[in-house]
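Below is a note for a colleague who is coming to this structure for the first time. Please keep the model open beside the text and follow the numbered points in order.

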Amino acid sequence: MSFINTLDPQLHFITGKGGVGKSTFACTLAHYFAEQGFSTLLVQINAEDTHSRYLECPPIAHAFMKVAPNLEAINLDPEESLKEYLLLKLKSKRLHRLLFDNQVMQSFFRFMPSLPELNMLGKIWYHSQEKLPHKAYRYEKIVIDCPATGHGLAFLQVGEMAHKSVQSGPIAQEAASIQEMVSNPSTSCLHVVTLAQDMPVQETLGLIETVKAKRLIGLGLLVINGVWDVLFAPSLAKAVMQSDSNLEWKEVAQRRILKEQEQQLQIKRLLQRTQPMKSVQLPFEPSGEVSSATLELLAASLKSQLEFQDA
Amino acid sequence: MLEKVLHKKSFLVCMGSGGVGKTTVSAAAGVLVASLGKKTLIVTIDPAKRLANAFGMDALAPEPTQVDPKLFEQSGVSLRAPLSVMMLDMGAAWDTLISDLSPDKTQVNTIFANRFYQYLSRELAGSQEFVACEALYRLHAEHDYDLIVLDTPPTVHALDFLTAPARIVSFLNQEAFRYFLSGQKSLAGKVGLRFLGGAGALAQSVLEKLTGSRFLHELTEFIHALQDIYPPLIERTQAFQDLLVSNEAGFCVVMQPKPASMGEAEKLYSVIKQNKYAFCAMIANGVMPAPKPVESKSLPAKPVGLAKAIEQAYREQSLIAQAEKQALESMQEWGVRSSFVLKLPQLMEDIHSPEGLAQLSTWL
């Protein structure tokens, strides 16, 4: 399987443990697709908007916003998605108001398992099918920044869950087609983001096993984020460790070496256990800066790794 | 610093987004307080094996288990009061709550078997936070701990934890459903559905079309089963809500000192302030120490490349330290006084031993 295949699907779901850089990678991938000339949509799921800092644009809300050439962004709101869904289904504003502006109905909708998630996925599905007058897809690539691991997997299973709980009627049918969209490897894939640290690696391995066992969704890239450059080759590291402990530079060097060694160990562990998944490594940014400049750098790094592994 | 703030508290609630080291900091805070002579319980939701290992256990139990004080003595921290630790089992906590509040056993079983209960207790957003509060209340009422440290579930939105009780109550609000249901059981024991007025009938038929009738039937059954539990549940929720806003509870925010994490921390802080919860501290975990300047001529000439590597390591560490310092200073702009900011230095290695926890507790 080459990279071309890995990035072929239209829908790209991104998940990982909290704090590993899911949003960073979602923005990077969307930026990469847009630069390749694909008409791209970047989606946040009911999130505290973080994408606007990378894209250097106004806050992203529940409305399509053009943020760069070929790139639009949106932050889905569950209630708004539900309203849109009902309007689409009921085709009558009066009936819609009757259902939605009623407190009893509000309680009812809250009671329905996974309904908000289903509506948000449904909206993504709806827009993935949209075509322009000349028959091309409105969005050739859709990048979805999912909630953190546990919630992220639950999110991908809502179609199935909603189908089980409702069983009949239009909602059940839609849940089934959403499930089909997620689980079809030629339509959708899941990229898993992690840091090369013990706990995130542990959780990532568990996540990948679950996805495989349940055949939830096709697996895309394993993204190892925040990787420090190896400054100290083994011979240099050995020289540092054996040096006199009074040397004033020793602490800085030692701290860095321990970090590098731990990272390399975790990367090895990840790569061994996730075969044959393809992986990319994104560099650590010491200044911690979040801007479109950082995004450019990350997208360039992603591009060169994809091309290298493709060759 | 933390010892002063915790002087009169019975609870310490540690909040923060995922991956910031909240569990480790909560554990270290527990060790600190026990070393000061307060009988302490640490309640975590994190099943990480490493944390259990750090307390000398294979796995954390779902009920309080006392930690062997000898573990920490070796690292120079003596626990002057008993320290216990437990892992909160969310599903079990919900089951206990329902069993406690239900007047009879048959009803408990009806509720447990209902799919809506499974959803409510295992998946509904806010559900975890709700039972975490509830468990805290129960532990406080049933035991005599001087301080309970709660490691909260990681939340997507800052508000989630603090607003969970209110949201769950409104979710279960029977007032709304009273209009929705006839409230009568027919002779066949089936529960009926009735909407008020003509518009209601229309709404019902639309809902049935959208979801199928079985769904509505099961929902109705669930709401009926909850009827007796609802009033005591409201009472209980009010009681622990009162406890959280009382002076007995203290809230701290655990965060990473990275520029990208500041937005989240600010949101948590402002939510605590707005709701008049007692704010204790911002705890920045893993702060990179600024390296002492090194002169190039003192760097080793051999092996080749070592001097260059050290210079680069030095440059990057300085850059990180500088960026973190600026990020932490920016908290003053939101009104956090620097005396309320606790900086925990980044340790050389991950914490997975009693020694590590002991060291961290002394920094607190």
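**Notes on the predicted model**

1. Thr274(A) is found in the loop between α13 (250–273) and β8 (278–283) of chain A, where helices (H or I, at least four residues) and strands (E, at least two) are DSSP runs numbered from the N terminus. Is Thr274(A) buried or exposed? With a relative accessible area of 1%, Thr274(A) is buried; buried means under 20% relative accessible area, exposed over 50%, and partly exposed in between, with a 1.4 Å probe and protein chains only. Leaving aside neighbours within four places in sequence, Thr274(A) is in contact with Leu205(A), Ile208(A) and Leu222(A), contact meaning heavy atoms within 4.5 Å. The loop between α13 and β8 of chain A also holds Pro276(A), and the peptide bond that leads from Gln275(A) to Pro276(A) is cis, with omega near -5 degrees.

2. Some conventions apply throughout: this is a predicted model, in which local features need pLDDT of at least 70 and side-chain atom pairs count only at pLDDT 80 or more, while totals for chains, interfaces and linings use all residues. Residues are numbered from 1 along each chain as its sequence is written, chains are lettered from A and ligands numbered from 1 in the order in which they are written, and side-chain values use heavy atoms, with hydrogens and water left out.

3. Buried residues make up 54% of the 311 residues in chain A, and 54% of the 364 residues of chain B count as buried. Among contacts with a separation of 6 or more, residues 24 or more positions apart account for 72% in chain A and for 76% in chain B.

4. Helix α2 (residues 22–35) of chain A has 14 residues and reaches 20 Å from its first C-alpha to its last, close to the 20 Å expected at 1.5 Å a residue; the expected span is 1.5 Å times one less than the number of residues. Because 13 of its 14 residues are buried, α2(A) is largely enclosed by the rest of the structure. Gly37(A), which follows α2(A), has a positive phi near 100 degrees.

5. Two residues of chain A deserve a look at their backbone angles. Asn46(A), in the loop between β2 (40–45) and α3 (51–55) of chain A, has a positive phi of about 45 degrees although it is not a glycine, and at 29% relative accessibility Asn46(A) counts as partly exposed. Arg215(A), in the loop between α11 (198–214) and β7 (218–227) of chain A, likewise is not a glycine and has a positive phi, near 50 degrees, whereas its relative accessibility of 71% makes Arg215(A) exposed.

6. Which residues have the most contacts inside the largest nonpolar core? In this core of 62 residues they are Trp94(B), Met282(B) and Met331(B), a nonpolar core being a set of buried Ala, Val, Leu, Ile, Met, Phe, Trp, Tyr and Cys residues joined through side-chain atoms within 4.5 Å. A second, separate core of 49 residues includes Phe13(A), Ile74(A), Val211(A) and Met277(A). In soluble globular proteins, nonpolar side chains tend to be buried together.

7. The aromatic pairs over all chains number 13, where rings of Phe, Tyr and Trp (its six-membered ring) pair if their centres lie within 6.5 Å, and planes under 30 degrees apart count as stacked, over 60 as edge-to-face and the rest as tilted. Phe112(B) and Tyr117(B) form a stacked pair, 5.4 Å centre to centre with 25 degrees between the planes. The rings of Phe251(B) and Tyr277(B) have centres 4.7 Å apart and planes at 50 degrees, so this pair is tilted. Phe251(B), in strand β8 (residues 249–255) of chain B, and Tyr277(B), in the loop between α14 (262–274) and β9 (279–287) of chain B, are 26 residues apart, and the pair links distant parts of the chain.
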